Amino acid sequence: MALAMLIAAAVLPLGANAASLGSERAQGTGGLSANWLETAWSAYKKRFVRAGRVIDDVNRISHSEGQGYAMLIAVKAGDRAAFEEIWQWTKRELYIDPSGLAAWKWDDSAASKVTDKNNASDGDILIAWALAEAAERWGSLQHREAARDIVRAVGKQNIASSPVGTILMPGRIGFSPEDHPDGQILNLSYWVFPAFERFAALDSDTDWADVQATGLKLLRESRFGPLRLPADWISIGSGRPAPAESFPAKFSYNAIRIPLYLTWAKLNQPELLRPFVGLWNNELNLGPFEVDLSSGSAQQPFGGIGFKAVIASAKCALHKQRLNEPLLKVETDSYYATTLHILSLVALQERYPECL
């Protein structure tokens, strides 16, 4: 059977023959260990963090997204010393532009280190969210003020009105209708929905509820090809979203984060998760794969167990399906896979502990 057919078969929980796959059983799990996050974070720091700099070992760079993810994990793990070290490096090395937004790319092999001063709005959002979490956990006014300043900068420079609603632009420059023949370019995985729940209290000038509503609306409408999945990059020049012409029409390493953010946020919209739950068939240990959206065919598999944990979190949110034993232990993999594995377990611990 072709891989695309196997993936399609795994989507059966949407239809009448859902029972067999929807009743997948956990393999004798005893749940997460009490100190699982501290253990996983300790290994993560040893592998990926150097004096506050978070290293993406696949792309061999550091970026604002990675700094934000590590700050978020550090505060969840209660590691204030590591949090401060990562934040100070981030502030010193990336927040160098008068815009108040982080340069997204830092390359140790380059003379200038910062090789692209444009921001990636998801990086700033993750950093601000982590700072807001730190402010609450440790009662720190400094962290709250830093979070507020970043959220306001995002609101002023990355949030815009459009015919489809209030949108989150991927960066300050390079994604506008003037830059692309098919119009405004967006990335739905930059909508970090659980972060928006905190931002309303930090920035009254931006309607974060409307930003969230637009993201959810675009997700409902961005269902492309036979598997009805969103593209990593979409355009909205024609009014309705379409895969962006300047990027491959694929479900890939950007969009794989969408089900994690949907699971983590306090949303009651299970229909948005349904396109994702079939991407990994755990009975056959098949997937998840990058998907060519025009044909629905599977391409390269996502490398690393962390991507399976993302899909498992969606299955939990949608079907209350418990995680299998192997997913309850974080093995140090590549930077991105390990990050998403830890965050998936944190999200479930906070939102759906019954699945653990």
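How accessible is lysine 320: buried, partly exposed or exposed? Lysine 320 counts as partly exposed, at 44% relative accessibility. That residue comes back in point 6; here are my notes on the whole chain, with the reminder that this is a predicted model.

1. Overall make-up. The secondary structure amounts to 13 helices and 13 strands. With a radius of gyration of 20 Å, close to the 21 Å given by the globule rule for 356 residues, the chain is as compact as a globular protein of that length.

2. Of the 356 residues, 58% count as buried. Among contacts with a separation of 6 or more, 68% come from residues 24 or more positions apart. The chain exposes about 14400 Å², and 49% of that area is supplied by carbon and sulfur atoms.

3. Charges. You will find 36 positive and 39 negative side chains here. The centres of these two sets lie 4 Å apart.

4. Tyrosine 95. This one is worth a look on screen. Tyrosine 95 sits in the loop between helix 5 (80-93) and strand 4 (105-106). Its relative accessibility is 17%, so tyrosine 95 counts as buried, the cut-off being under 20%. The side chain of tyrosine 95 makes a polar contact with the side chain of aspartate 124, at 2.8 Å. Leaving out residues up to four places away in sequence, tyrosine 95 also touches others, including Trp87, Thr90, Leu101, Ile127 and Ile150. Isoleucine 150 is 55 residues away from tyrosine 95 in sequence, while their C-alpha atoms are 9.8 Å apart in space.

5. Glutamine 184. Glutamine 184 is found between strand 7 (165-168) and strand 8 (185-186). Its relative accessible area is 8%, so glutamine 184 is buried by the under-20% cut-off. The side chain of glutamine 184 reaches the backbone oxygen of phenylalanine 175 at 2.9 Å.

6. Positive phi values. Two residues other than glycine deserve a glance in your backbone check. Arginine 228 has a positive phi of about 60°. Arginine 228 is placed in the loop between helix 9 (208-221) and strand 9 (234-235), and at 45% relative accessibility it counts as partly exposed. Lysine 320, from the opening question, has a phi near 55°, also a positive value. Lysine 320 lies in the loop between helix 12 (305-319) and helix 13 (335-351). Its 44% relative accessibility makes lysine 320 partly exposed.

7. A cis peptide bond. Which residues does the cis peptide bond join? The partners are glycine 287 and proline 288, with omega at about -5°. Proline 288 belongs to the loop between helix 11 (274-277) and strand 12 (289-292).

Methods
Residues numbered from 1 in each chain as written. Predicted model: local features only at pLDDT ≥ 70, side-chain atom pairs only at ≥ 80, totals over all residues. Heavy atoms only, no water. Helix = DSSP H or I, 4+ residues; strand = E, 2+ residues; numbered from the N terminus. Buried < 20%, exposed > 50% of the residue type's maximum accessible area, 1.4 Å probe, protein only. Polar contact = N/O pair within 3.5 Å; in protein donor to acceptor, adjacent residues only side chain to side chain. Contact = heavy atoms within 4.5 Å. Rg over C-alpha atoms; globule rule 2.2 N^0.38 Å. Areas by Shrake-Rupley, 256 points an atom, 1.4 Å probe, with all protein chains shown as cover. Lys, Arg positive; Asp, Glu negative; His and termini not counted. Charge placed at Lys NZ, Arg CZ, Asp CG, Glu CD.
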